[in-house]
Amino acid sequence: MNTSTGTGTGTGTSTAPVLRAEAVTKRYQLPVTVIDRMRRSAPTALTALDGIDLELRRGEVLALVGESGSGKSTLAKILVGSVTATTGTLDADGERVPVHRDKDASRRIQMVFQDPYSSLNPRISVGSMLRELLLLHRIVPRAEVRAESIRILNLVGLEEDALDAYPSQFSGGQRQRIAIARAIAVRPDVLIADEPVSALDVSVQATILELFARLQRELGLSILFVAHNLAVVQHLSQRVAVMYLGRIVEVADTDELFRNPRHPYTRALIDSIPRMGAESVTDRLALQGDPPSPFDIPTGCRFHPRCPYAIDACRTTDPALAPVPLVLGTRPGGTSAVSTSAAGADSADAHVAACIRSAELGDVDPLHEPAIEPDDPALTRPDVLLDPERVVESDLDGVAPAAPAASAAHHQEEPSA
C-alpha cells in the first residue's frame, strides 16, 4: 500500500521521471463503408497523436497546453489507462506500464475530468463514493473509513456534512473539489487534470488552481495539468509542454517559455492572453485559419500553413524536438553580452522546440520585433529585450553578466494604485 502522498508532507521536485511516455501514437481507423468498397478507397485513419515523448518529474506540475483538437485529452486518457495507445510505451518509476493494468497500477495514476458533474455518479452520495474507493484499494481499515473520508474532504476545502449529500446539491466549484477528493483518496503518485477549470467561472478557477498548488505542496503529488489557456497555468506549473496537431512542439521551464518562446505557435498562444491596457491588438501575432484536419496532416512542419514565418524549407522539413540554439546578444544601451537560453543542451532543463527557425525567434522575431514586450503582464519576471547578433552552439562560459542598471531604462514604471 502506497502512503507517500497521504502523510501531508511535500517533496521537492526531482529530475527523475515518475511517468514517461515514449514514441506514443494513437490512430483511429474509420470503418469502411459500402461506398468506400465501390470506390476501392484506401482505409482512412485519424492521427490523434504522432510520436509523443513526454516526461513528468516527481513532485512537479507540468502543464500541457494547446488548442482544442491538438490531442491533449487523448494523451491524458492514454496516460491514465482509459485509452490504449496504437504504438509507444509508458514507464512509471522506471517500470513498464502494462497495457492491461492491475488495480495497483490504476491506483497510482488518477484523473480529474473537465466536467465534474458528468464524471460523478448522481445516484451515489459523496460518502458512499469515497467509502467504496477506500475499501476497494484497502487504503485504511474499515473502522477508519469515515475519519479518512472527512480528512480527504477537509483537504479539498469541504466539511463533514458533504458526506451525506449528492453531486446535484453542490455548485460547480464544489463538484470539482469532490472530483479532486475522489482522485486523491487512493493516494496516487500522479494526478492528471484534464482542463479542470475550463467549465468554471473565473472567480472559481482561481480557488481551484490554488487548491491544486496546495495539494502538490502538501502531498508531494506529480501533476500533469492540461489546459488550452497559457494564462491559467502560468503561476501553477514549473514546466510547460506545448502541443499542436498531435505533436509536442516546445518544452521549457515556465518562466523561460513566457520570456523567450522559440516556436511561433507558442508565441501566438502567449499573444492571445487577454491584457488590460492601451496595447494595439494588431501588434500581436494572430493565427489565421483553423488547424489542419488530422485526416490530412500537412507535409513538412505541420504548423507551416498558419505560420507567418514559414519559408520553403518549412514545407518540406519535419522538425524534431531539439535544444534551441544559444543566442548571443547585447542589451540595448549597453555592451554586456548575455545568453538568452536558460539551460544548456545537455541539461535536464533544456529548452527544446520543433522549429528550424528557433534561433531567429530568440527574444526577437525575424522582423526584429520583440517576441514579448518587456512590460507585458504575461511575463513572470522582468527581462529586457535582447538584440541577437549571432548564434553559437557551445556554452557561453566567458559571457559577462549584464549590469542591472542597463535594464532599468527599458522598463516603464507601473502607475501607482
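Is arginine 58 buried, partly exposed or exposed? In this predicted model, arginine 58 turns out to be partly exposed, at a relative accessible area of 31%. Its salt-bridge partner is aspartate 93, and the closest N and O atoms of the two sit 2.3 Å apart. Aspartate 93 is partly exposed as well, with 32% relative accessibility. Arginine 58 belongs to the loop between β2 and β3 (61-65), while aspartate 93 belongs to the loop between β4 (87-92) and β5 (95-96), so this pair ties together parts that lie 35 residues apart in sequence.

That pair is one of 20 salt bridges found in a search of the whole structure. Another joins arginine 20 to glutamate 55, with 2.8 Å between the closest N and O atoms. Here the partners come from strands: arginine 20 is in β1 (residues 17-29) and glutamate 55 is in β2 (residues 45-57), so the contact ties together parts 35 residues apart in sequence. Arginine 20 has a relative accessible area of 30%, which makes it partly exposed, and glutamate 55 is also partly exposed, at 30%.

Elsewhere, salt bridges with shared partners connect Asp50, Arg247, Arg302 and Asp318 into one network.

Strand β9 also has a place in an open sheet of 8 strands, which run in the order β6-β7-β8-β3-β9-β10-β14-β11 with mixed pairing. At the edges stand β6 (109-112) and β11 (322-323); each has a single partner strand, so one side of each is left without a neighbour in the sheet. Within the sheet, β7 (residues 190-194) and β8 (residues 222-227) pair in the parallel sense over 5 bridges. In that stretch, alanine 193 has phenylalanine 225 of β8 as its bridge partner.

Helix α2 (residues 72-80) lies across β3, β6, β7, β8 and β9, and runs at about 145° to β6. Helix α10 (residues 264-271) packs on the sheet too, where it touches β3, β9 and β10 (247-253), and its direction makes about 105° with that of β9.

Notes:
Residues numbered from 1 in each chain as written. Predicted model: local features only at pLDDT ≥ 70, side-chain atom pairs only at ≥ 80, totals over all residues. Heavy atoms only, no water. Salt bridge = Lys/Arg side-chain N within 4 Å of Asp/Glu carboxyl O. Helix = DSSP H or I, 4+ residues; strand = E, 2+ residues; numbered from the N terminus. Buried < 20%, exposed > 50% of the residue type's maximum accessible area, 1.4 Å probe, protein only. Pairing = 2+ DSSP bridges. Contact = heavy atoms within 4.5 Å. Axes fitted to C-alpha atoms, helices over the stretch in contact; angles between N-to-C directions.
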